[in-house]
Amino acid sequence: MNLTTSTHTGAAGGSNASSGGPTDGITPKMQGHMIDWRRLFSLREMGVYYALILLVSAISFVTVYTGRPSYLSLGNISNVLYQASLVAIIAVAMTVILITGNFDLSVASVAALSAAVLVSLADTLGFWPAAFVAMLVSVLAGLLNGAIVQYLGINAFIVTLGTLTAIRGVVQIYTDGQSLSVQTPEALQAMRMFESGRFPIAIPLMVIGAGLLLAGFWSLLRARRHARSVSVTSLGMVIGGVCCLALVWAGGVSLSMPKPVVYMAVFTMIVWFVLNMTTIGRRVYAVGGNPEAARLSGINVKRYKMAGFILCSAAAGFGGVLFGSRLGAVNPTAMQGAELTVIASAILGGTSLFGGAGSVIKTLAGALLLFTLTNGFNILNLGANYQGVIEGTVVVTAAAIYTVGGARRQKR
Amino acid sequence: MVNEVPLLQLQGVTKTFPNGLVALRGVNLEVLRGTVHGLLGANGAGKSTLIKILSGSLPASGGRIVWKGTAVEYSSPKAANDMGIATIHQHIPLVPTLSVLENVFLSEEGRWRRNPAIRAHFSDLCQRIGYWLDPDGLVSDLSIGQRQMVAILQALGTGADLIVMDEPTASLAASEREVVYKIVRQLSSVENKAILFVSHFLDEVMALTDRVTILRDGQAVVDAETRELDESRIAEAIVGRQIVALEKAPPQKFDAGAPVLLELKDVASPGKLDPISLKVRAGEVIGIAGLLGSGRSEVLHAIFGADPDATGEVFVDGKKIRKSTASAVRAGLGLVPEDRMAQGLVPGFEIWRNTTLPALDGVARGRWFPDRAVERQRGAEAIRRLSIKANSSDIVVTELSGGNAQKVTIAKWLFSDVKVFLLDEPTAGIDIGAKTDILLLVRELAAAGKAVIIVSSEFEEILAVSTRILVMRDGRCIAERVGHETSEHELVLLAGGHSANSDGAQQSNVQSL
């Protein structure tokens with residue numbers, strides 16, 4: 001969310017890069033203690049942020065130049081965030097399952113099933129119980145995927161390719177091929193409460209921004225005192241804090257965001273925290289990096305991999321609930337193909353398809369990149385026909401950068 | 001001899017990696033036709049880099065490579081092959097889903113997949129080395145020893161004049177090694193090929209090679225006829241210091257009344273391991289001697305709960321543990337697996353992240369939040385305590401050489417309350433300095449009241465550290481000996497069984513040569 005304030009991110013990144021310039025000449029021996037600036041700001045590590053900044057700057061420049069309404073208006077930013085939120089939530093969970101070395105193609109079908117369950121039950125049960133049942137169904141789908149993959153030992157790609165089709169079929173059967181919609185006003189009202197409102201975020205954002213800044217500076221100082229290398233995390237916290245505060249400064253005290261954006265931000269923060277700060281997160285990376293080594297280190301690999309599937313399906317189910325609530329209706333082909341956007345976001349964020357590497361913040365940036373592209377096409381009236389070509393090119397280019405950059409690093 | 005143009009000459013070959021690491025500082029090397037040339041050196045001395053340069057997978061940064069009298073430059077394995085240099089890499093890169101025949105002639109550029117001429121060529125090759133393999137067998141069905149033969153055939157099939165063998169015997173059993181030795185001798189004496197033979201086993205280098213080059217820190221420190229050298233001089237040149245004479249140290253003492261730390265009751269694994277019962281006391285080092293496939297690794301995996309088919313009961317400190325690696329670790333067992341890269345380490349993790357992986361709770365605040373500062377200290381502590389060659393604990397483990405990576409897999413278990421160490425071939429494929437470090441550590445652990453079970457195919461190491469030795473064959477424990485009352489000769493005989501009587505004799509021949 002903090003990434004769309006491109007000018008500020010750009011400035012912060014730039015100043016850091018320039019302050020890093022003089023250290024480039026240090027001897028290799030020193031690098032153990034100093035931060036490796038060149039690597040940190042390489043295309044491979046930061047590429048997705050550069051691409052996002054570049055794209056946003058280009059679009060805003062063109063809008064200003066052609067006299068269209070400013071692209072960088074708060075309204076438009078929150079619009080892009082809102083459009084991206086649903087896919088981004090699933091993409092964050094997809095990153096986790098990719099890190100554990102698995103794969104889930106069935107997310108869009110699970111989301112559609114969840115939306116169908118929600119919409120069909122909301123009239124009789126009310127919104128919250130129906131949402132609960134929808135989530136339950138999604139978790140069961142995750143359990144099914146995980147159990148087949150982990151206990152029968154079938155490749156996750158094949159299994160979820162099957163469940164992608166099968167669960168879509170279940171949706172067809174369940175809806176009898178018809179569109180469903182919610183009739184009772186109470187349920188519609190609850191859905192609107194859940195999905196369409198806006199949260200005032202100025203105060204929380206200010207608190208979070210200040211907190212991130214403080215924590216970031218504290219760990220930077222601590223690293224300097226112990227003559228240790230500066231971690232990417234602490235730098236990121238500082239930059240994130242600056243972005244949060246900049247957003248508040250731009251939007252004023254009355255700054256508010258659509259609720260799904262807030263859900264997305266909270267979910268991403270939680271997953272980021274768990275992956276980076278807890279023993280669970282460490283083990284998730286270990287399980288994906290080398291399952292056998294993780295198992296022989298006493299980690300219950302199957303449980304972690306199962307949890308990946310369940311998290312992914314649960315996030316898809318939540319996405320389905322958001323989707324169903326957005327329109328109060330669902331048709332059987334809802335979200336068809338969305339799994340590819342989800343996976344594309346994770347790949348743009350540099351997540352390895354072989355497991356063991358990935359970052360949810362970068363995945364979020366990847367999702368924003370894709371939706372900024374879409375949004376930019378609309379704003380600039382470029383026509384939707386070119387969109388697919390450009391999006392596909394961006395994904396392949398990103399993958400090429402990660403692969404080529406990775407190979408070069410290994411060669412050193 | 002003096003007038004003959006050497007087949008291969010390296011003149012001041014250097015290699016500097018882009019990150020500033022200097023791997024070779026000017027190596028001179030001459031390989032003559034019809035000789036077996038030994039290349040030795042500790043881990044990180046530059047052997048692998050030199051081999052990669054010879055095989056064309058890395059370019060040299062400086063110096064000249066002279067091939068049959070003319071300076072050459074080549075930059076791909078294909079070019080090296082075409083010139084006449086074939087390399088057999090340590091981890092044999094074969095295609096497991098193809099047949100032996102297809103693997104041997106993988107680089108052949110014929111148009112058709114089935115070609116009778118190739119079949120004839122294959123049997124001709126087999127005849128030349130005096131070893132027969134079924135050409136239609138799948139490589140995935142072969143033992144490691146047989147795969148090594150396929151790799152040798154592959155190298156021969158290219159018609160190479162120089163064959164580089166990178167530790168061809170490291171993962172082979174004694175009888176399989178003999179076959180490799182025979183082939184190497186045959187190739188050099190009968191076919192007038194040159195062999196560059198890389199090995200960590202000093203006895204086989206002494207027995208097999210005509211000339212030896214020893215690398216240390218990227219330079220050739222010794223280049224001499226083998227008959228002018230002896231094992232201790234070679235060992236000294238490799239490590240650059242006098243090795244601690246482990247074998248001559250006094251036998252371990254341990255308190256026979258010490259508490260039993262590990263007890264096995266009828267631990268077995270169907271088809272792989274017959275029931276075995278065992279009590280291990282604090283301070284005891286149990287050596288398991290056995291050949292490849294004798295069930296020695298299976299015992300350790302069954303104890304550690306890593307074998308889902310295992311039956312029987314395992315007690316640690318009197319408490320029965322459930323059959324899972326998680327409960328084994330919780331109970332205080334630590335396993336150092338045989339294949340350090342595939343089973344021991346997470347490749348993307350730094351030294352510190354790998355070191356703390358099994359005992360994250362111990363470095364975490366409130367069990368859940370690992371403290372990276374503490375973890376880095378652990379990593380630095382591991383580097384110091386095991387003398388791992390690394391500037392900092394932030395180095396990713398894939399950048400470490402074999403011996404240093406092995407030390408990290410051991411370090412994983414040193415920082416938590418591990419009571420019983422299970423070491424599976426902890427010294428395989430590492431240099432003599434690192435070996436000594438690890439064996440000393442085993443003694444240190446025993447002296448600190450831990451129990452250790454160590455598996456090794458180098459029986460002298462087992463003899464050097466063990467208080468008791470179990471000999472395994474065909475998934476059964478066939479004998480138990482007290483450490484200082486047995487000999488390497490006896491262990492070889494027991495482990496090899498009746499058929500190995502000749503093997504044992506051969507091996508002692510090799511050593512006495």
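**Figure 1. Contact between the two domains of chain A.** In chain A, 17 residues of domain 1 touch 18 residues of domain 2, a contact being a pair of residues whose C-beta atoms, placed from the backbone, lie within 7 Å. On the domain 1 side of chain A, α1 (6–20), α9 and α10 of chain A are the elements that give two or more residues to this contact with domain 2; helices (H or I, at least four residues) and strands (E, at least two) are DSSP runs, numbered from the N terminus. The largest share of that side comes from α10(A), with five residues. By class, the domain 1 side of chain A that touches domain 2 has nine nonpolar, eight polar and no charged residues; Ala, Val, Leu, Ile, Met, Phe, Trp, Tyr, Cys and Pro count as nonpolar, Asp, Glu, Lys and Arg as charged, and the others, Gly among them, as polar. Domain 1 of chain A spans 1–36 + 202–254 and domain 2 of chain A spans 42–201 + 255–411, with bounds from an automatic or database domain assignment. The structure is a predicted model, in which local features need pLDDT of at least 70 and side-chain atom pairs count only at pLDDT 80 or more, while totals for chains, interfaces and linings use all residues. Residues are numbered from 1 along each chain as its sequence is written, and chains are lettered from A and ligands numbered from 1 in the order in which they are written.

**Figure 2. Packing of helices α9 and α10 of chain A.** Helix α9 (residues 202–225) and helix α10 (residues 232–251) of chain A pack with their axes 7 Å apart, at an angle of about 150°; axes are lines fitted to C-alpha atoms, for helices over the stretch in contact, and angles run from 0 to 180 degrees between N-to-C directions. α9(A) is therefore roughly antiparallel to α10(A) (under 35 degrees is roughly parallel, over 145 roughly antiparallel, 65 to 115 roughly perpendicular and the rest oblique). The two helices α9(A) and α10(A) cross in a left-handed sense, the near helix being turned anticlockwise from the far one by less than a right angle (clockwise would be right-handed). Their contact, α9(A) with α10(A), comprises 18 nonpolar, seven polar and no charged residues.

**Figure 3. Packing of helices α11 and α16 of chain A.** Helix α11 (residues 259–277) and helix α16 (residues 360–379) of chain A cross at roughly 150°, and their axes come within 9 Å. From α11(A), the contact uses A:Thr268, A:Val271, A:Trp272 and A:Leu275, and from α16(A) it uses A:Val360, A:Ile361 and A:Leu364. Sorted by class, the contact of α11(A) with α16(A) holds six nonpolar, one polar and no charged residues.

**Figure 4. Packing of helices α12 and α14 of chain A.** The axes of helix α12 (residues 279–289) and helix α14 (residues 301–327) of chain A are 10 Å apart, and the packing angle is about 100°. α12(A) and α14(A) are therefore roughly perpendicular to each other. A:Arg283, A:Val284 and A:Val287 of α12(A) meet A:Val301, A:Tyr304 and A:Lys305 of α14(A). The contact of α12(A) with α14(A) has four nonpolar, no polar and two charged residues.

**Figure 5. Interface of chains A and B.** Contacts link 33 residues of chain B to 24 residues of chain A. On the chain B side, α10 (325–331), α11 (340–344) and β18 (369–370) each supply at least two residues. α10(B) gives the most to the side of chain B that touches chain A, with five residues. That side of chain B consists of 20 nonpolar, eight polar and five charged residues. The model has an ipTM of 0.77 and a pTM of 0.76.

**Figure 6. Domains 2 and 3 of chain B.** Chain B is divided into domain 1 (8–241), domain 2 (258–332 + 417–512) and domain 3 (349–415). Taken over C-alpha atoms, the centres of domain 2 and domain 3 of chain B are separated by 25 Å. Eleven residues of domain 2 and nine residues of domain 3 of chain B form the contact. Helix α15 (residues 432–447) of chain B gives the most to the domain 2 side, with four residues. The domain 2 side of chain B that touches domain 3 has eight nonpolar, one polar and two charged residues.

Figure 7. The average pLDDT of chain A is 83, with 87% of the residues scoring at least 70; pLDDT is the predictor's confidence in each residue, from 0 to 100. In residues 1–34 of chain A the pLDDT is below 50, and this stretch has 54 contacts in the model beyond near neighbours in sequence. Chain B has a mean pLDDT of 82, and 90% of its residues reach 70 or more. Residues 498–513 of chain B stay under 50 in pLDDT, and the model gives them 19 contacts beyond four places in sequence.
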